[in-house]
Amino acid sequence: MQTKLKTNNYILYLYAFLSKLHFFGSLCVPFYLNRLGISYALMFTIETIFSVCIFLFEIPTGIIADKFGRKISLFLGTLLFGISHLISGTTLNIGVFIFGQTIGAIGLSLESGADKALIYENAKYQNKNPQEISAIASRFDGFGTVGMLIAFPLGSIFVASGIFNYTSSLGLVFIATGISAVFASIIILFIKEPKN
């Protein structure tokens, strides 16, 4: 069991990296303005809807993590986040886009806190002391940060490369983000969740 729990750390690091490959990160405003062709006012309205949805779903999705486990919550959350970006990258319909954003908000709510709880529970069952638990959590965050640091400029370089036309490229970076999130959701299924 101890070996499986130690392997969990590496799975969690890989999950953190893949789930934070947000290739669209620096391209949200051009995506809204140039691909969807909407105004700043509608863009901020959609972002407000997204934020309100995260707030509204935070408690109900926390119940899922408590009842069915952190692994299931992370799997569903990351999968929904990935699906939302696949929808965002393929649609030009504002209603469908808002639906996708709502799915993404539910996904982020399912992920919220479940990752840190799983890290803590995993380390606790490895008999780690508080400093070691903190180091594992820091590495987890570090792998996520590295993912973002790699993905942000790569997404921008890809869009500017001219390989595809500009508006298509804006959609493709959302699709790439969705694909990496779907892979992250599959990776998390290999976690051996400690029993409470």
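Axes are lines fitted to C-alpha atoms, for helices over the stretch in contact, and angles run from 0 to 180 degrees between N-to-C directions. Helices are DSSP runs (H or I, at least four residues), numbered from the N terminus. The model is predicted: local features need pLDDT of at least 70, side-chain atom pairs count only at pLDDT 80 or more, and totals for chains, interfaces and linings use all residues. Residues are numbered from 1 along each chain as its sequence is written, and side-chain values use heavy atoms, with hydrogens and water left out.

**Helix pairs**

Two packed helices are described by the angle between their axes and the distance between the axes. A crossing is left-handed if the near helix is turned anticlockwise from the far one by less than a right angle, and right-handed if clockwise.

| Pair | Angle | Axis distance | Hand |
|---|---|---|---|
| H2 (residues 28-35) and H3 (residues 40-68) | about 125 degrees | 10 Å | right-handed |
| H4 (residues 70-90) and H6 (residues 114-125) | roughly 145 degrees | within 9 Å | left-handed |
| H6 and H7 (residues 130-161) | roughly 140 degrees | within 10 Å | right-handed |

Start with H6 and H7. Their axes cross at roughly 140 degrees. From H6 come Asp115, Lys116, Ile119, Tyr120 and Ala123; from H7 come Ile133, Ile136, Ala137, Phe140 and Asp141. Contact here means heavy atoms within 4.5 Å. By class, seven of these residues are nonpolar, none is polar and three are charged.

H4 supplies Arg70, Ser73 and Leu74, while H6 supplies Ala114, Asp115, Ala117, Leu118 and Glu121. That contact has four nonpolar, one polar and three charged residues.

H2 and H3 pack at about 125 degrees, so H2 is oblique to H3. Angles under 35 degrees count as roughly parallel, over 145 as roughly antiparallel, 65 to 115 as roughly perpendicular and the rest as oblique. Val29, Tyr32 and Leu33 of H2 meet Tyr40, Met43, Ile46 and Glu47 of H3. Six residues of this contact are nonpolar, none is polar and one is charged.

**Single residues**

Serine 19 sits in H1 (residues 2-19). Its relative accessibility is 7%, so serine 19 counts as buried. Buried means under 20% relative accessible area, exposed over 50%, and partly exposed in between (1.4 Å probe, protein chains only). The serine 19 side chain reaches the backbone oxygen of alanine 16 at 3.3 Å. Beyond neighbours within four places in sequence, serine 19 is in contact with Thr78 and Ala184.

Glycine 89 belongs to H4. At 5% relative accessibility, glycine 89 is buried too. Leaving out residues up to four places away in sequence, glycine 89 touches Arg35, Gly171, Phe174 and Ile175. The C-alpha atoms of glycine 89 and glycine 178 are separated by 8.5 Å, though the two residues are 89 residues apart along the chain.

Asparagine 127 lies in the loop between H6 and H7. Its relative accessibility of 64% makes asparagine 127 exposed. Phi of asparagine 127 is near 60 degrees, a positive value in a residue other than glycine.

Conventions: Helix = DSSP H or I, 4+ residues; strand = E, 2+ residues; numbered from the N terminus. Nonpolar A, V, L, I, M, F, W, Y, C, P; charged D, E, K, R; others polar. Polar contact = N/O pair within 3.5 Å; in protein donor to acceptor, adjacent residues only side chain to side chain.
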